[in-house]
Protein chains: 2
Amino acid sequence: MTTTIKDVAKMANVAPSTVSRVIANNPRISEQTKRRVREAMDYLGYHPNFNARSLANRSAQAIGLVMPGSADKAFQNPFFPEVIRGISTIVHEKEYALYMSTGQTEEEIYEGVMRMVQGGRVDGILLLYSSVDDRIMNYLVEKKFPFALVGKPLKDEQSITHIDNDNFQAARDVADYLISLGHEKIGFVGGSSRLVVTIDRLLGYEKSLRSHQLPYREDYIIHEEFLEKGGQEAIRKLMALDKPPTALLVMDDLMAFGVLRTLSEMQLSVPNDISVVSFNNLMLAAFSTPGLTSVDINIFQLGYEAAVCLMDLISKPDQKPMRVAVPYHLIERQSCKARTVQKEGSGSM
Amino acid sequence: MTTTIKDVAKMANVAPSTVSRVIANNPRISEQTKRRVREAMDYLGYHPNFNARSLANRSAQAIGLVMPGSADKAFQNPFFPEVIRGISTIVHEKEYALYMSTGQTEEEIYEGVMRMVQGGRVDGILLLYSSVDDRIMNYLVEKKFPFALVGKPLKDEQSITHIDNDNFQAARDVADYLISLGHEKIGFVGGSSRLVVTIDRLLGYEKSLRSHQLPYREDYIIHEEFLEKGGQEAIRKLMALDKPPTALLVMDDLMAFGVLRTLSEMQLSVPNDISVVSFNNLMLAAFSTPGLTSVDINIFQLGYEAAVCLMDLISKPDQKPMRVAVPYHLIERQSCKARTVQKEGSGSM
DNA sequence: TTGTATGCGTTATCAT
DNA sequence: ATGATAACGCATACAA
């Protein structure tokens, strides 16, 4: 049916193995026969069968992408397309293909990953999130299957290749910034507390408060999904408090939009009534009203570096685990404002 | 190394072929042995090798995604993640996997598609754009390889399965809308003129003008990339005209943002000085200032329906080509305003 | 430098 | 109801 290596061999008057060698550009084949074989390939429109090749080779020339929830969920947040952009550039360079798992529940995703891995569909995996005690990561570790993590593992930092920002420091910087603006009641709107990135940033936030002798109030800490809706939920809870915060550290721009929208529905003004800083610096951050002050975490680069590391892991059998810290920086826009001095004034700063 | 069907067979005291039948849940195997085999599979943590299966089967249980330019380019526009969301839901239901081709130039993408197809990596292809005289589409047609097109083919409409909006009518509606607002000088900011969607909408726009006895001016037609930058370029050209338009039909929200931004840099007000309507109704449309009046083309559904069709094409050998028209509707926000009556007043409407 | 034979892990076609 | 065996298309160790 489809043309195989044998057809080419026949046409070029050589053995199939010779054709195979020509494909691999084996130096021990004479230029003459190479040319002859290549002509035959061109003429017949031959293309190698990947499945057969993978089978004989045990390599698939493809890497798998694992997102939290299936693509139809994750892609709601522009974070993922953007990491994938970074990944894609390097994957393309290496002539690899990209494979996306689909699955709604954690169980389904886990199954999908097992199938990818054991089924020999992919040579390596990129884990695009890091959560506490993740089955999938445990599985990969145990299997000693090449993978890189976008994010930080909770433990085994030394043995797991991972690429992230210094989220502890980033959150601390942000809180410091808010405090320097005179804010003392700062809310934290984060993602699931099972996400390591949430944990890290919460720690950084806490550290900042403590170093400024500010109280750390549990009721200022909210955990929601990284979506607009999450932000809406969060801000409702916070504003219902007896003493609502005057500033917010929001972990995701999308959430921040939810916050902004709800606040404006409540007739509250950002930044006059409340200041907001968030993370990711998505394109939307520039377009919202007011412009959103946001931490640019270099999402693209996160993906790019992760792909580079994974490729190393795949090609160099005894590559040591790596850790790459991608720089971040605060982009100031119009969502923050200095607070007029408090009456209670503990005089900090 | 990895556990194969043979290991399972040995452990369950059956032949490999029997194990294979159990996997396929062949009814001619007794429940007893099925149970025994399954226990062995569980115990050994067996997972079938996809490559071997595909090889024997000539089916990959995967479909390929083809975007204009590689992911790292295309994903700059939220359109693509959103179509993929739609695709992903149905692909996941059918337990298929998703392959993404990577490639920068048209040549590279073409090569990638050939490799996917002839290499047996995928059982079908989703073409996420439609351009005039597209090599890739021609190749797929010629190969009679199952594929569905998101968009409309320029010719062979009857024989190519495609999913789109009625873009002619949509653009006509939009232009009518602008005209009903009193605008007579309406600019058209579109994508590449090689894209069928551009062609269709341009036709609809023209039709609207003509039916209202309004002049169709070449210099009001701009073609740029579907990115913010494209919009910036476009509006600069238009505003440099002797009689710049008072209203714009912009083909993409991202472009529209570019337009908005540049206009505001020029100290021009939307909608007071100029009205803007665009397409796609991305999340950003709601967040921009002013809120962007945009045509919701149901991107998610576009992807969803396309995947459904492709699955039919794959599973039913003699499935006829299909055409699905996804509805659209105009979402009015604040970027358009009625024009005060013109002095020259041809009195239309 | 090139050809021969074998294996990669499954499925499918015969048998029994 | 189950087993033996031959593909599937390619790569590679071993010969020549």
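This is a predicted model: local features need pLDDT of at least 70, side-chain atom pairs count only at pLDDT 80 or more; totals for chains, interfaces and linings use all residues.
**View 1. What sits around DNA strand D.** Here 25 residues surround DNA strand D, and the closest are Ile5(A), Tyr46(A), Ala15(B), Thr18(B) and Arg21(B). Of the atoms of DNA strand D that come within 4 Å of the protein, sugar and phosphate make up 69%. Sorted by class, the surface near DNA strand D has ten nonpolar, ten polar and five charged residues.

**View 2. Helices at DNA strand D.** The largest share, four residues, belongs to α4(A).

**View 3. Polar contacts with DNA strand D.** Start with Arg21(A), where an N or O atom of the side chain is 2.8 Å from a base nitrogen of DNA strand D. Next, look at the phosphate oxygens of DNA strand D. One is 3.1 Å from a polar backbone atom of Asn49(A). For Arg58(B), it's the side chain that takes part, with an N or O atom 2.9 Å from a phosphate oxygen.

**View 4. The annotated stretch of chain A.** UniProt, in an unreviewed entry, lists residues 3-57 of chain A as "domain: HTH lacI-type".

**View 5. An open sheet in chain A.** Six strands line up as β7-β6-β8-β9-β10-β12 (chain A), with mixed pairing. β7 (221-223) and β12 (329-331) of chain A are the edge strands; each has a single partner, so one side of each has no neighbour in the sheet. On average, neighbouring strands of this sheet are turned by 20° against each other, ignoring direction.

**View 6. Where β6(A) meets β7(A).** Zoom in on β6 (residues 186-190) of chain A, which pairs with β7(A) in the parallel sense over three bridges. Which residue of β7(A) is the bridge partner of Gly190(A)? That's His223(A).

**View 7. Helices on the sheet.** Helix α9 (residues 167-180) of chain A packs on the sheet, where α9 touches β6, β8 (247-250), β9 (275-279), β10 (293-296) and β12 of chain A. The direction of α9 makes about 165° with that of β9(A). Helix α10 (residues 196-211) of chain A lies across β6, β7, β8 and β9 of chain A, and runs at about 170° to β6(A).

Technical notes. Residues are numbered from 1 along each chain as its sequence is written. Chains are lettered from A and ligands numbered from 1 in the order in which they are written. Side-chain values use heavy atoms; hydrogens and water are left out. A residue is near a molecule or strand if one of its heavy atoms lies within 4 Å of it. A polar contact is a pair of N or O atoms within 3.5 Å; within protein, one must be able to donate a hydrogen and the other to accept it, and residues adjacent in sequence count only if both atoms are side-chain atoms. Helices (H or I, at least four residues) and strands (E, at least two) are DSSP runs, numbered from the N terminus. Ala, Val, Leu, Ile, Met, Phe, Trp, Tyr, Cys and Pro count as nonpolar, Asp, Glu, Lys and Arg as charged, and the others, Gly among them, as polar. UniProt positions are given in the numbering used here, feature names are shortened, and annotations may be inferred rather than shown by experiment. Two strands pair if DSSP finds at least two bridges between them. Axes are lines fitted to C-alpha atoms, for helices over the stretch in contact, and angles run from 0 to 180 degrees between N-to-C directions. Contact means heavy atoms within 4.5 Å.
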